[in-house]
Amino acid sequence: MYRAFLFQDEDAHRPAQLADSADDCVKAAVARLIDLSLLTPSRESPGGLRAVDPSRGMRVLLQQEQHELARREHRIKHNTTMLDLLAREYAAVRRQAHSDGVERLYGADHISTRLEALAESCRHESLAFYLEPPAHPAQPAHPADLGDRPADEPGQAAVPPRLYEQALARGARLRSIYLDGIVRDEATRSHALWTVEHRGEVRTAPSLPMGLLIVDTTAAVVGGLPGEDPESVLLFSGKPVVLAVRALFEAYWDHSNRFPCDDFGEAQADEVTPQERKLLELLAEGLTDGAVARALGISVRTERRKVAELMDRLGVSSRFAAGVQATRRRWI
């Protein structure tokens, strides 16, 4: 476009045609050349344009680039200053949170960040209690999630599968205890078998006191405690507390059941798991849903769901009738 105006003596009508063109691309190009001072109003042809020394336009262009570069440098300096400030504030908050060896983690992102950091630091052993069906290891599950439970149920700490694999590659030992009742769940079977296939160890127990993740002897993450915010977990970093929680895990491990890797099908319709038997016994004692849930280490919602499933299997519509039928079948 510039050359068309530059060589206008060869075609006197061409510049006027370009300047008056209705074509949007042509008009945009002419406007850009004017902005760069490469075109200026013609003295010989009022209303027309003429090409001028390109060095003038280049000076304008270079000045614009210099101004933009100065603005970018200013933004970089500003962002660097803000980053340093935020990093200092973050470190201060973390120091305060760890001052007593207890940190409360709120929300999915906060929990995920801390658990992933812990998993990446695991060198020797990772121990876990599972209260609810965990997500399948192939899925990018939220670390505090345990499957498709409602949002108001207690959270459970879990390590993302890729970090399990990294810990195993470093020679770490993985041990997990699941509630007996959740082995009926398809996701639980997949998760447990995946753990065993990757050299982890799995056992089951009729009841568990809480959701738990222990990393080496440096940290213990606890969720699902009665009275605690279901959207949060507690992270203990004080060694005496971690060792005490680890001793609790070992006690449950010693009395838990071997995971049935070779015979892991669904329980027959006329069979009950140890956890279901314990649930029926507690109901027969007249305990409330809340008391039964606490005794089994599960949420009230989960306890009610399990009761409904048992009643459906027994073909009854009341808890009293369920107790009668369970006794007849020698489930209790």
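Predicted model: local features only at pLDDT ≥ 70, side-chain atom pairs only at ≥ 80, totals over all residues.
Local features need pLDDT of at least 70 and side-chain atom pairs pLDDT 80 or more, while totals for chains, interfaces and linings use all residues. Residues are numbered from 1 along each chain as its sequence is written, and side-chain values use heavy atoms, with hydrogens and water left out.

Let's start at helix α9, residues 274–284 (helices are DSSP runs of H or I of at least four residues, strands runs of E of at least two, numbered from the N terminus). Its buried residues are Gln275, Glu276, Leu279, Leu280, Leu282 and Leu283 (buried is under 20% relative accessible area, exposed over 50%, partly exposed in between, with a 1.4 Å probe and protein chains only). Seen down the axis of α9, these residues fall within an arc of 160 degrees, so they line one face of the helix (the arc is that of the directions from the helix axis to the C-beta atoms). Just after α9, Gly286 has a positive phi of about 85 degrees.

Now for the charges. The model has 14 salt bridges (a side-chain nitrogen of Lys or Arg within 4 Å of a carboxyl oxygen of Asp or Glu). One of them joins Asp289 to Arg304, at 3.2 Å between the closest N and O atoms. Asp289 sits in helix α10 and Arg304 in helix α11, so this pair ties together parts 15 residues apart in sequence. Asp289 is buried at 15% relative accessibility, whereas Arg304 is partly exposed at 48%.

Arg173 and Glu201 also meet in a salt bridge, 2.5 Å from N to O. This pair links strand β5 with strand β6, 28 residues apart.
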